[in-house]
Amino acid sequence: QVIIQHYPEFIDKYISQDPMQSSFYVPLKSINENIDKDQAQDYQNQAIEIISKMITPAYQNFKQFMIEDYIPGAKKDIGAYSFPNGKEYYQQQIKEYTTLDLTPKQINDIGWKEVKRIRAEMEAIIEQVGFEGSFAEFLEFLRTDQQFYAKTAEDLLKEASYIAKKMDGQLPALFTKLPRQPYTVNPVPEQIAANYTTGRYVSAPLDSTRPGQYWVNTYALEKRPLYNLEALTFHEAVPGHHLQGALNAELENLPKFRRYNYISAFGEGWGLYCEKLAKEVGFYQDPYSDFGRLTYEMWRAMRLVVDTGMHAFGMSRDEAIKLMEDNTALSKHNVRTEIDRYIGWPAQALSYKLGEIKIWELRHKAEKELGAKFNIRTFHDAVLSKGSVPLNVLEQ
C-alpha cells in the first residue's frame with residue numbers, strides 16, 4: 001500500500017478538461033502535411049471526441065477505483081515472505097532474475113562483502129580531495145553543493161550527450177563489431193518524470209523510423225547530480241544497454257524470441273560492468289565523478305542487502321531507506337523511489353550486481369588463462385555474441 005499512495009496524483013496527469021491540451025492529442029497537433037486538410041481536421045475532431053468521451057472518463061474512473069477500492073485493499077506490509085507461499089515465491093523470483101541458485105542469505109552476505117570493499121574505495125577518494133569531515137558530511141556536501149547540479153534541463157541533457165559522444169569515440173578500442181542503429185538523448189516524458197528513475201534506455205525495432213533513446217530525468221534538477229552522469233550514461237547508452245540491445249537485435253541467426261529477449265542478470269550485469277569498464281578508456285578523471293561511479297556501484301551492492309532484507313528477513317521500509325541514504329550519494333528522492341521499486345518488484349534489483357560479478361569473474365579467468373593473447377575487444381565480442389543468455393550459459 002505504501003508504494004501506491006501517490007497514484008491518484010499520478011493519474012491526474014492524464015486527465016485534462018481541455019482535450020486539445022491532453023498528452024493524447026499531441027500527435028494530432030502536427031499531422032503530415034501530405035494528408036488532405038479536411039481529412040486531417042476529421043482526425044483531430046475524432047481525437048477530441050475520443051479523449052472527451054472515452055479516455056478522460058476512463059482515467060477518472062480509474063482514479064476513483066484506486067482511491068476507494070485498490071489502495072484501501074492493498075497489502076499493508078512490504079515483504080514478499082508474507083504472501084501465500086511467500087518464501088518459495090521469493091526464491092523463484094531470485095532464480096528468474098539472477099538465473100543463479102543462490103539463497104537470500106547467500107545474496108545478503110555477498111552484498112555486505114561488496115559494501116565493505118566499495119566503502120573503502122569511497123573513503124580513499126574523500127581523502128584524495130581533502131575533505132574535512134565524516135562520510136555522512138561528505139554525502140551531504142555532494143547532495144547540497146550547487147557545483148554538482150545543472151542549472152537547466154537543457155544543460156543536463158547537453159552534458160549527458162557530450163559524455164555519450166565521447167564514449168562513442170572509444171568504442172572501437174573495446175569492440176570489433178558495433179551496432180548499425182544510432183541512439184539519441186531525450187528527457188524522460190513530463191507525465192511520468194516525477195516518479196521515474198534517474199534514466200533508462202528505450203529500445204526501437206531495427207526498421208523503426210526512430211532510434212534507440214537514452215532517457216535522462218530532468219525533473220527536480222536539484223536531485224540529479226552531475227557526478228553520477230558518466231556512470232548513468234555508460235550503463236544506459238554506450239557501451240551499455242543501447243550497444244548490447246542493438247547488437248542483440250542484429251543476430252539474425254537467432255529466432256526472434258532470442259533476439260528480443262531480455263534476461264535481467266545478463267543485460268543489467270553488462271550495464272553495470274560497463275560503468276567500471278569506462279575507467280579503462282580514460283573516463284572518471286574528476287574524483288567526484290569517480291565517487292559517483294562508486295556510489296552507483298554501492299547502490300547496486302546495497303540492493304543485495306535491502307531487497308533480501310525486506311523480502312526475506314523482515315527489514316522495514318524506513319530501515320532500507322536509511323541504509324541506502326547512509327551508504328550512497330543518491331539523492332533522498334531517488335532513494336525513496338528506488339526502495340519503493342524494490343518493494344513492488346521483488347528480486348529484480350538483485351540481477352545487476354550478481355550479473356556484473358559474473359562477467360568480471362569470467363574476464364579475470366580469460367585474462368589469466370590467455371595471458372598475452374588476451375584481447376579485450378574479442379572478449380567483449382564473445383560476451384555479446386549469443387545475445388541475452390542465463391549466466392551459466394554465458395560461462396559455457
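Is Tyr 296 buried or exposed? Tyr 296 is buried, with a relative accessible area of 2%; buried means under 20% relative accessible area, exposed over 50% and partly exposed in between (1.4 Å probe, protein chains only). The model shown is predicted, so local features require pLDDT of at least 70 and side-chain atom pairs count only at pLDDT 80 or more, while totals for chains, interfaces and linings use all residues. Residues are numbered from 1 along each chain as its sequence is written, and side-chain values use heavy atoms, with hydrogens and water left out.

**View 1. Tyr 296 and Trp 299 form an aromatic pair within helix H12.** Rings of Phe, Tyr and Trp (its six-membered ring) pair if their centres lie within 6.5 Å; planes under 30 degrees apart count as stacked, over 60 as edge-to-face and the rest as tilted. This pair is edge-to-face, at 4.8 Å centre to centre with 70° between the planes. The two residues are three apart, about one turn of the helix (helices are DSSP runs of H or I, at least four residues, numbered from the N terminus). Trp 299 is also buried, at 5% relative accessible area.

**View 2. Tyr 273 and Trp 360 form a tilted pair.** The structure holds 26 aromatic pairs. In this one the ring centres are 4.6 Å apart and the planes meet at 55°. Because Tyr 273 lies in helix H11 (residues 264–277) and Trp 360 in helix H15, the pair ties together parts 87 residues apart in sequence. Tyr 273 has a relative accessible area of 0%, and Trp 360 has one of 11%.

**View 3. Arg 363 is a buried residue of helix H15 (residues 351–370).** Its relative accessibility is 7%. Leaving aside neighbours within four places in sequence, Arg 363 is in contact (heavy atoms within 4.5 Å) with residues including Tyr 273, Glu 280 and Phe 379.

**View 4. The largest nonpolar core has 100 residues.** Such a core is a set of buried Ala, Val, Leu, Ile, Met, Phe, Trp, Tyr and Cys residues joined through side-chain atoms within 4.5 Å. Leu 142, Tyr 273, Phe 291 and Ile 339 have the most contacts inside this core. Helix H12 (residues 287–312) gives the largest share, 12 residues. A second, separate core of seven residues includes Val 188, Ile 192, Ala 193 and Val 202.

**View 5. Ring pairs link eight aromatic residues into a cluster, among them Phe 131, Phe 148, Tyr 227 and Phe 291.** Other members include Phe 135, Phe 138 and Tyr 288.
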